[in-house]
Structure formats: structure tokens, C-alpha cells
Amino acid sequence: MEKSITLSEIVELTRQLSLVDKVRLIEEIAPQIEEELKAAQSTQRTRLRGLWKGLDITEQDITDARSEM
């Protein structure tokens, strides 16, 4: 059974790396992070149902808005 590594252990190991290796580590994981962020953004959609719920918009409000355009 494999032992899972904690974030604090990774941070401690990273502190032991040289500056060049730290940069290489960032270069290695940055594309993966970008892909995961893009995937997360594409799945998060704002639902529009109920967006106007609770608002009392009258015919006069609509007429006024149209005249301002």
C-alpha cells in the first residue's frame, strides 16, 4: 500500500531543491494546472433560471429603459 504524501511534506521537499530545480518543478506542473483550471471553468455554468425572481419590473420600467436607448 502506497503512502500518500501531504502538502507539508511536498513543501518541505521543495525547500531542499536548488533554485534551478524549483523553476523546473514549476515549469513541469504549470501546464497541468492550466489544463485543470480550463476544465473546471468550462464545467461551471451560471444558471439563468430564476435570475429575475423577486424583481418587480413594470411596463413603465421597460418603456423608460427603451426610451433611454
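User: How many salt bridges does the structure hold?
Analyst: There are three salt bridges, a salt bridge being a side-chain nitrogen of Lys or Arg within 4 Å of a carboxyl oxygen of Asp or Glu. Because this is a predicted model, local features need pLDDT of at least 70 and side-chain atom pairs count only at pLDDT 80 or more, while totals for chains, interfaces and linings use all residues. Residues are numbered from 1 along each chain as its sequence is written, and side-chain values use heavy atoms, with hydrogens and water left out.

User: Which residue does Glu-9 pair with?
Analyst: Glu-9 forms its salt bridge with Lys-3, and the closest N and O atoms are 3.0 Å apart.

User: Is Lys-3 buried or exposed?
Analyst: Lys-3 is exposed because its relative accessible area is 65%, where buried means under 20%, exposed over 50% and partly exposed in between (1.4 Å probe, protein chains only).

User: And Glu-9, how accessible is that one?
Analyst: Glu-9 has a relative accessible area of 29%, so Glu-9 is partly exposed.

User: What about Arg-15, which partner does that one have?
Analyst: Arg-15 forms a salt bridge with Glu-12, with the closest N and O atoms 3.7 Å apart.

User: New topic: where is Leu-48?
Analyst: Leu-48 sits in the loop between α2 (19-43) and α3 (59-68), these helices being DSSP runs of H or I with at least four residues, numbered from the N terminus.

User: Why does Leu-48 count as exposed?
Analyst: Leu-48 counts as exposed because its relative accessibility is 61%.

Note on methods:
Helices (H or I, at least four residues) and strands (E, at least two) are DSSP runs, numbered from the N terminus.
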